[in-house]
Amino acid sequence: MSVAGTERRRQLVTAGLGTALTLVMGTVLIVGFRLATHMRADIAALQAASTLQTYPEEISHQLNSLRDRLEVRAYSGQALADLQATVKRFDQELKQINATGDMDSPQLGRALLLWHQYAPVLDPVIAFTGQPYVDSDSGGSALSREGREHYAQVKRAQLFASDNAHPLQAQLSSLAAMLQHTSSEAAARLRALLAAGVLAALVLAAAAAYFQVTRARHERAARDAQEQTRDILKTVREGFFLLDANYRIGSVWSDALSRMFGRSDFAGLSFEELLKDLVPAATLATATKYIKLLWGDRAHENLMKSINPLGQLEITMENAHGGKEARYLQFDFHRVMGPEGIKHVLCSVGDITSSVLLARELHDSQENANQQLDMMLGMMHCDPLQLVSFLDTAETGLKLVNTILKEPARTDAEFRKKLTGLFREMHAIKGEASALNLKSVATRVHTLEDMVSECKKRPELSGNDFLPLVLKLDELLAHLRSVREMAARLAVLKDTPGGAAATEAAAAPPPAPRAPAAPAPAPERMPSRAIEDLSPTLQSMAERLAHDHAKRLRLSLNGLGDVPSAYSATIKDCLIQMLRNAAVHGIEAPEARRGQAKEDTGMVRVDFRRAGEGYELVFEDDGAGIAPEALKAAAVRRHLITEEEASLMDTRSTMALIFRPGFSTQDDVSMDAGRGVGMDVVARSVYALGGKIGVSTHPGKFTRFKIVLPAVDAVGGTAVA
C-alpha cells in the first residue's frame, strides 16, 4: 500500500511538474513569440529607416545631375529615370514603415510631414514626359518650351531638396535611433523571459538527469554526424545523390549539384526529369535504360561502368548573362547494397567542362599548327611572283566584297543581290587559292561561302544578317596579311633569282580596290608572265583534284604562252573553274571508265590559239559528257525553271542552263563544286571582254567548251569588238 502510494505520489508529482513545466514553457513560448514578432517588425523598420537615410542626399544629387544635363543640352532621360526610381522607392519604403500597426513616433510623423512637402516640387519633375530639346540647323540644340518649364521645375526642386535634405535625414536618423532603442528593450525582455523559462525547465532537469544526459549524448552524436555530413556535402566539388528503386532522387544531395544544374528542388525528382530539358531525346532514352540495368541483380558493376553512356554528357545551360552555354558533365554510378539486395544507387556528377575545353583547345592548336605548316609547305612550292599576284588579287577582291557589304540596301531583293555579288567574288578567290594549293585561304573562303549560303536560305533578310560576314571577312583579310608576311620571308630564304623581286612585291601595299560597278576584270590583276607560270599550277591543281575526288586525269596544255596580257586574268579564272568542273562532273571514276571501255585515266586538253583576227580557247575532257535531261532536272530542283518550261526547252536552251546563276547538278556543296556560281562567273568574264562562249557534248564521250575572244589592240591593250 505504501509502495503503491509512493508510486502514485511520484506519478502525481511527475505529472504536476510536467504540467507546470508545460504551462511555464507554453507561457514562455507564447509571450516570446509575441516579443519576437514585435522585434522582427522593429528590426525590419530599423533596416528600412537606416536605408532611407541615404535617400534625401541621393535625391538632391540626382536633381543636380538632371539640372546639369539640361543646362548642357545632354541626354537627360536616364537621369530622370533614376530620379523617378529613387523617389518611388523612398515613398514606398516610408509608407511601409508608417503602415506598421504599432509604429507611432513623433520622428516618423515629422519625417512624413517633411516628405509630403517634397511632393509639390518633385511631382512635376518626375511626371515630365515631353521632349526637353529642339534641334535646328542654325542654332543647334536648345530647350523647348516644355524643356524650359521642366528646367525651372528641376531647379526649384533641386533648391528645395538641398535645403530640406539634412532636416529629413536628421528625422530619419532619430527614427532609426528610436527603433534601435525599442529593439534593444524588446531583446532584453525576451532574454529575461527565456532565462525564466530555462530556470523553470531546470526544475525537472534534476529529476530526469540520467535520461536527459543519455538523450543529450545521443542527440549530440547525431548532430555531430549530421554536421559532418553537411560539411562533406558542402565541400565536395562533385554532385552526389541517391536514386531509389523508382529512379527518384532522395532528400540529401551535395551543394555542387545545385551549382551544376541551376536548381535546388531535387527531392523526389526522377532521373529522367533531371535530364529531360538538357540532353537530346535519344541520349535521355539510353541513359534511362542504363539506370534500369543498374538495378538488375545479375548486372556486373565493373562491366556496367565500361558501357556508361553518361561518361561525358554535353548539356546546355543558361549562363549569368541570360544566354546559353555548353557544359560537360561526367556521371558515375555505384550500387549501395542492403540486407535484401540493392538499396540505392549512388550517383556522382563531376563538371569536366574545363578539361574538355582544354582538350579541344589543344586539338585546335595542333590543327592550327598543322594548317600553318601545310600553308608554308604549299607556299614553298609556289612561284613567288605568282603568289604575290594572287595575294594582290585576293585582297582586291575581298575589298570589293567589303564594298558590296557596305552598299546600302533596304528591300529583301536588294539584300539578295548583294549575296549574289559576294558569291561571285569569293568563288573566284577560292578557285585561285585552290589552284595554288593554299588550303588555309581556300578553306576560310569556303567557310565564308557557307555563311553566305545560309543567308540565302533565310525567308527574309535584314542588315543584321550581314554582321557575321563582316567579322569573318576581317579574319580572312588578317590571314591574308599573315600569308603575305610569310611569303616575304620565304622569298628572302629562297635562293632564286626572283626572290628579291618577290620580297619587294610582298612588302608593297596592296592595290586599290576595284570599283563595284566595273563589270570587266582589271587587266593588271596578274603580271604578263603569269600565264606562262600557270601551267605547273594547273598541273598541280589537276593532281590535287584527282586525289580529292578519287579519279585519274591527265592534263594537256598548249599555247598558253601566247595569251595576251589583257586576257591573262580572265583566261586564268576560266581555266581554273573549268578544270574543277571537269574533275568533279566530267571525268568518271576509274571503275566507271573501265565499264565504258575507256582508259582509267581521263584526258583534259586545253588549247589556246589565234583564230582569224581574234583568239580561241578550247577546253575539252573525255568524261561523261552532259545529259540534257539531267540539266533540266537539276534546274527544276533548284527552282530555276518549272517543269512546264523544262518540257518546252530544246537542246540549245538546255545547254545554256549551265551558265545560269545558281545552277549546279551537284546537290552537296564541296570545296570544288555545288555553289552554282562557277560557270556563271566564266560566262560573265568572257562577255565582259566582248567574247563568246559555247559548249558541245556527247553523253558518255566528251564535253567541249569553246571561248572566242576578239583581237587586242597592241598599243592600248583593249579588245577590238
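The largest cavity holds about 110 Å³ of space. The model is predicted. In total, three cavities of 30 Å³ or more occur in the structure.

Thirteen residues, written here as 13, line the largest cavity. H427, A428, D573, Q577 and V681 lie nearest its centre. Helix 18 contributes the most, with five residues.

Strand 10 spans residues 614-621 and is mostly covered. Of its eight residues, seven are buried. Strand 10 pairs with strand 9 and also with strand 12.

Strand 9 covers residues 602-611. Its pairing with strand 10 is antiparallel and runs over eight bridges. Within this pairing, V606 has F619 of strand 10 as its bridge partner. Strand 9 and strand 10 form a hairpin with two residues between the strands. In that hairpin, G612 takes a positive phi near 70 degrees.

Strand 12 covers residues 702-709. Strand 12 and strand 10 are likewise paired in the antiparallel sense, here over seven bridges. V618 has its bridge partner, K706, in strand 12. In a regular strand, side chains alternate between the two faces of the sheet.

Notes. Residues are numbered from 1 along each chain as its sequence is written. This is a predicted model: local features need pLDDT of at least 70, side-chain atom pairs count only at pLDDT 80 or more; totals for chains, interfaces and linings use all residues. Side-chain values use heavy atoms; hydrogens and water are left out. On a 1 Å grid over the protein atoms alone, a cavity is a set of points where a 1.4 Å probe fits but cannot get out, and a pocket is an open set with protein on both sides within 12 Å along at least five of seven lines; lining residues have an atom within 4 Å of a point. Grid points are joined across faces, edges and corners, and a volume is the space filled by probe spheres set on the points. Helices (H or I, at least four residues) and strands (E, at least two) are DSSP runs, numbered from the N terminus. Buried means under 20% relative accessible area, exposed over 50%, partly exposed in between (1.4 Å probe, protein chains only). Two strands pair if DSSP finds at least two bridges between them.
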